[in-house]
Amino acid sequence: MDVGDLRYFLALARYGRLSTAADRLNVEHTTIRRRIIALEKSVGSRLFDKTVNGWVLTLSGQRLLPYAQRIESEAETAQAALKDEEHNLKGTVRIVATDGLGSRVIAPSLAALRQKHPSIEVDLVTTSHLLDYTVGEFDLAVTIGDRPERRGFRQTHLCDYQLRLYASPGYLDSHAPITSLSDLAEHNLIWFVESLLQLPELRDSQNEEISAHANIVFRTTNIFAQLEAAASGGGLGLLPCFLAHSDPRLLPVLHNEVHPQRNYTMVVPSRLLNAELVTTVASHLFSDTQRRHELFIPPMPEV
């Protein structure tokens, strides 16, 4: 067995697609396939089956996996020891997250992570769509709500957060006072394009009650478009507190009455749970999010 082939074996085992594994190792996909074929010949057994969802380990591949991971870990430790320097994680982690959380929370958090691990690179993909479980598309994902359990993925509750109503001072000064939910009938509302938005957790009975009381004048699937429209005086916006609460252009409205609560879930493919690079990033995001609880659920204003 050529131990060097195990590097390609691990990449395909983790990402499930030749193209993704090749991209992560910066080689041609034909190189991945050629090295896997050579490894299969040397061990005398097929290690992968090709399915519609990508390449999956056979029983022989599953037996080989922990040994390959151990060899990889020992090689990395030996390399660090020979360099006589602190173990330095190196590699790329691909993260998928919702637009708002990815931009305002995860991106700054990763900047802090790189101060400790400067060789870690991150590809951050933000979206307003449902999480795509396609094999190899992400190393770590953060999505709204509790996703149905899926074989091959580990889900962790990341944090709770609240949405509250916000409006600009200029808008509030030029419109009727708002003291109860029924007062929204005289006001403009900035809302979601419900037929396009694919996050059902944002389309519940609480939100329907709010939208039923107000005049919806602007709809969008983009949370930052909602934020800017509200800050520009376009109307009331139901916005995540971690985006709007500290924005000096916005004031709270009915916070003691309107504060629907949601949660974020962190998803990691099971095959990457032993990958130190991925678990280090996941642990950092989890601890950093827990530490910033009041960003997601600010104290209620005094009545």
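**Strands, helices and selected residues in a predicted model**

In strand β4, Val 122 is the bridge partner of Val 93. Helices (H or I, at least four residues) and strands (E, at least two) are DSSP runs, numbered from the N terminus. The structure is a predicted model, in which local features need pLDDT of at least 70 and side-chain atom pairs count only at pLDDT 80 or more, while totals for chains, interfaces and linings use all residues. Residues are numbered from 1 along each chain as its sequence is written, and side-chain values use heavy atoms, with hydrogens and water left out.

Two strands are taken to pair if DSSP finds at least two bridges between them. Strand β3 spans residues 91-98 and runs parallel to β4 (residues 120-127), with eight bridges joining the two. Val 96 also has a bridge partner in β4, namely Val 125. Strand β5, made of residues 140-144, pairs with β3 as well, again in the parallel sense, over three bridges. Here Ala 97 stands opposite Val 142 of β5. How much of β3 is covered? Seven of its eight residues are buried, where buried means under 20% relative accessible area, exposed means over 50%, and partly exposed lies in between (1.4 Å probe, protein chains only). In a regular strand the side chains alternate between the two faces of the sheet.

The 18 residues of α5 reach 25 Å from the first C-alpha to the last, close to the expected 26 Å at 1.5 Å a residue; the expected span is 1.5 Å times one less than the number of residues. A kink of about 35° is found in α5 at Ile 106, shortly before the proline Pro 108. The bend at a residue is the angle between axes fitted to the seven residues ending there and the seven starting there. Among the buried residues of α5 are Leu 101, Val 105, Ile 106, Leu 110 and Leu 113. An α-helix has 3.6 residues a turn, so residues three or four places apart point the same way. Lys 116, also in α5, is exposed, with a relative accessible area of 66%. The C-alpha atoms of Lys 116 and Leu 89 are separated by 9.6 Å, although the two residues are 27 apart along the chain.

Aromatic rings come next. Rings of Phe, Tyr and Trp (its six-membered ring) pair if their centres lie within 6.5 Å, and planes under 30 degrees apart count as stacked, over 60 as edge-to-face and the rest as tilted. The structure holds seven aromatic pairs, and one aromatic cluster is formed by Tyr 161, Phe 242, Tyr 264 and Phe 296. A charge sits over a ring if NZ of Lys or CZ of Arg is within 6 Å of the ring centre and within 35 degrees of the ring normal. Arg 7 lies over the face of Tyr 8, at 5.5 Å from the ring centre, and Arg 24 lies over the face of Tyr 15, at 4.5 Å.

Most residues other than glycine have a negative phi, and most peptide bonds are trans. Asn 26, in the loop between α2 (18-25) and α3 (29-43), has a positive phi near 60°. Leu 254, in the loop between β10 (251-253) and β11 (261-269), also has a positive phi, near 55°. Is each of these two residues, in turn, buried or exposed? Asn 26 counts as exposed, at 72% relative accessibility, whereas Leu 254 is buried, at 13%. Arg 147, in the loop between β5 and β6 (153-167), counts as buried at 12% relative accessibility. Arg 147 and Val 267 are 120 residues apart in sequence, with 9.0 Å between their C-alpha atoms.
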